[in-house]
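Morning, everyone. I have one structure to walk through today. Please bring it up on the screen.

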Amino acid sequence: MVQSKTMGERIFHIISTVIMVILILVSLYPFYYAIINSMNTGYAIQRGFSIFLPAEFTMESWRTVLSDSSILRALGITALRTVIVTVASTVITSMFAYAYSRTYLRGKKFYSALGLVSMYFSGGVIPFFLLISTLGLYDNFWVYIIPSLFGGYYNVIIYNTNFKALPEALFESAKLDGASEFTIYWKIVMPLSKPVLAALCVFTAVGVWNDYSTTLYYTQSPELKTLQYYILELVQSYNATDQLTASAMASSANISELFSQNNNAIVNAKTIELAAMVMSAIPMIIIYPFAQKYFVQGVMLGSVKG
């Protein structure tokens, strides 16, 4: 027989529900705010941002963004980079972690020391830039791929903890059947590690998708711009336009009148920026629910030793 909840339990559940609803609204509202204002006209944005609904609804900013070949090219570069790096990094890092999890690996202490040092120290931007240039990766699409093939020692630690939690009898029976290390890794370890793989794939994909520093430091060709870097340029151009507008309006009444007339445009830099920002976030928002069922389980498996 199911016992009825006490008054204290009911109050606790009500308070918890209210708090969670508030947190959800606070988390979702910035995205909703960007959406509704990307659907505003440029003139409405000049008067002030909307809070609940667009003041003057238009989809012209989205049409402009989707018809801009530069933004679409940047989106394609970012998507291709994210897919390649996520898949390749997951495979390479997990292979290293599997070998690292085996007690009979030679030189394990050396790898541990090397990995721990890499977590806290780096050569810096300039030495890395010189290395990229020496390898011929500067202003090359492969600069997005090759330096990111290894996911880092932090991911190795998570994989390693998960792999060690697998029953040792599985490995012993597979070896008795003549399975090689690669066969064990591919047909036993990987299928049993789907939660951790899914969690780290999400971490890797989000990190790569949001990265703009690689484009900033190691490329100069317009054809290699990523979406986040393109949005950064939009933000900077918008700020520069604002400063120029304020300066010009203060210096001349005629110029002030001209800017006032131009502010009536349906589309301006801010609406384009907001539309591009929303567009860049949509793929990650779509992907996350498919990995969510593995996400929490994978993080727990990789962080708590079994």
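Which helices each supply at least two residues of the lining of the second largest pocket? They are H4, H10 and helix H14 (269–303). Helices here are DSSP runs of H or I with at least four residues, strands are runs of E with at least two, and both are numbered from the N terminus.

Some ground rules. This is a predicted model, where local features need pLDDT of at least 70, side-chain atom pairs count only at pLDDT 80 or more, and totals for chains, interfaces and linings use all residues. Residues are numbered from 1 along each chain as its sequence is written, and side-chain values use heavy atoms, with hydrogens and water left out.

We use a 1 Å grid over the protein atoms alone. A cavity is a set of points where a 1.4 Å probe fits but cannot get out. A pocket is an open set with protein on both sides within 12 Å along at least five of seven lines. Lining residues have an atom within 4 Å of a point. Points are joined across faces, edges and corners, and a volume is the space filled by probe spheres set on them.

Back to the second largest pocket. Its volume is about 360 Å³. It has 18 lining residues, and Ala205, Val206, Pro283, Met284 and Ile287 are the closest to its centre. By class, that lining has 14 nonpolar, four polar and no charged residues. For classes, Ala, Val, Leu, Ile, Met, Phe, Trp, Tyr, Cys and Pro are nonpolar; Asp, Glu, Lys and Arg are charged; the others, Gly among them, are polar.

The largest pocket has about 820 Å³. It is lined by 29 residues, with Phe128, Pro147, Ser148, Phe150 and Gly151 nearest its centre. Helices that give two or more residues to this lining include H4, helix H5 (108–120) and helix H6 (125–134). Here the classes are 15 nonpolar, twelve polar and two charged.

What about cavities? The whole structure has one of 30 Å³ or more. The largest cavity holds about 30 Å³. Its lining is Ser89, Thr90, Thr93, Gly151, Asn155, Tyr159, Leu200 and Thr204. H4 gives the largest share, three residues. Six of the lining residues are polar, two are nonpolar and none is charged.

Next, salt bridges: a side-chain nitrogen of Lys or Arg within 4 Å of a carboxyl oxygen of Asp or Glu. There are five. One pairs Arg81 with Asp211, closest N and O atoms 2.6 Å apart. Arg81 is in H4, Asp211 is in the loop between H10 and H11, and they sit 130 residues apart in the chain. Both are buried, meaning under 20% relative accessible area; exposed is over 50%, and partly exposed is in between (1.4 Å probe, protein chains only).

Another pairs Arg102 with Glu168, at 3.5 Å. Arg102 is in the loop between H4 and H5 and Glu168 is in helix H8 (residues 168–176), so the bridge ties parts 66 residues apart in sequence. Arg102 is buried at 6%, whereas Glu168 is partly exposed at 41%. Lys225 and Glu233 also form a salt bridge, 2.8 Å from N to O.

Most residues other than glycine have a negative phi. Asp139 is not a glycine, yet its phi is positive, about 55°. Asp139 sits in the loop between H6 and H7.
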